[in-house]
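Hi everyone, thanks for coming. Have a look at the picture with me for a few minutes, and stop me whenever you like.

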There are 2 protein chains.
Amino acid sequence: MMGVMVATDSRRLDHLFHALSDATRRELLMTLAHKPASVTELARPYTTSLNAISKHLKVLEGAHLIQRRQIGTRHQISANLEALRPVDEWITVYRKNWKASLESLDRFLKRRSRKGESS
Amino acid sequence: MMGVMVATDSRRLDHLFHALSDATRRELLMTLAHKPASVTELARPYTTSLNAISKHLKVLEGAHLIQRRQIGTRHQISANLEALRPVDEWITVYRKNWKASLESLDRFLKRRSRKGESS
DNA sequence: AGCAAAGTCAACCAAAAGGTTGAACAACCG
DNA sequence: CGGTTGTTCAACCTTTTGGTTGACTTTGCT
């Protein structure tokens, strides 16, 4: 079956959403989506320490949003945007709702004003 | 212009993603998307305290994902799914990317003749 | 061999998150 | 009025987060 939610999916979504809940991490991901880079290169624009960026990258990696390939001493980091798919699928369910919301909300309100709406 | 990222948008995304990074909160939102409810009703299925749920609701409210309307002593909570739109827009940028990579993957698979793809 | 560069690891810290319990408030109901 | 119901507020606790610094490992360069 297709859209069945399993416990592990839920944890995966937790990690994904959490990874994306930080502006710096979203920025890093955007940068990497444009072009792979090393940790030092990624850290350069930021005022925070290299270690802080390294930690952010680990969070992204934990959500499978990035991959790394070691080339000599450099770690070549690249985005894995397909990992966003669960988020996209999750939101798709709701997208339908808000697209349809005006019409169905209207119907809902009409039904409701006719009778008292108990629960 | 349309897709310009402002600092406040970034904070809004922070809040949205953070609100969604918890399975319980996503569940609450799903329940509310189906039908508005009171805090007590929402808390009933959970083993955690009512207060914990109340806190979760505040996080959702902070991200504008829910609204409340006080009816007597009850707080009628309802989902505001339109608040998800920034998340949807954010992910849209990346969706193109991974769709593109899927297409090239598709081409790759076709070259490889059509056989069981289930890796 | 020996030094520099790229990253990570480890320990530590302050702030935030998520939970608990108990008190308080607000509105309805007898 | 007094009690009950629905909900929040406040204080507290533990774990997680995001940041720091300093030591360590690995690889490359000469």
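So, first a term: I'll say two residues are in contact if their C-beta atoms, placed from the backbone, lie within 7 Å. This is a predicted model, where local features need pLDDT of at least 70 and side-chain atom pairs count only at pLDDT 80 or more, while totals for chains, interfaces and linings use all residues. Residues are numbered from 1 along each chain as its sequence is written, and chains are lettered from A and ligands numbered from 1 in the order in which they are written.

Okay, the two chains. On chain A, 21 residues are in contact with 21 residues of chain B. On the chain A side, α1 (7–20), α2 (23–34) and α5 (85–114) each supply at least two residues; helices here are DSSP runs of H or I, at least four residues, and strands are runs of E, at least two, numbered from the N terminus. The largest share of that side, nine residues, comes from α5(A).

Last stop, α2(B). Its buried residues, those with 20 or more other C-beta atoms within 10 Å of their own, are Arg25(B), Arg26(B), Leu28(B), Leu29(B), Leu32(B) and Ala33(B). Down the axis of α2(B), they fall within an arc of 160 degrees, taken from the directions from the helix axis to the C-beta atoms, so they line one face of the helix.

Methods:
Buried ≥ 20, exposed ≤ 12 C-beta atoms within 10 Å, placed from the backbone.
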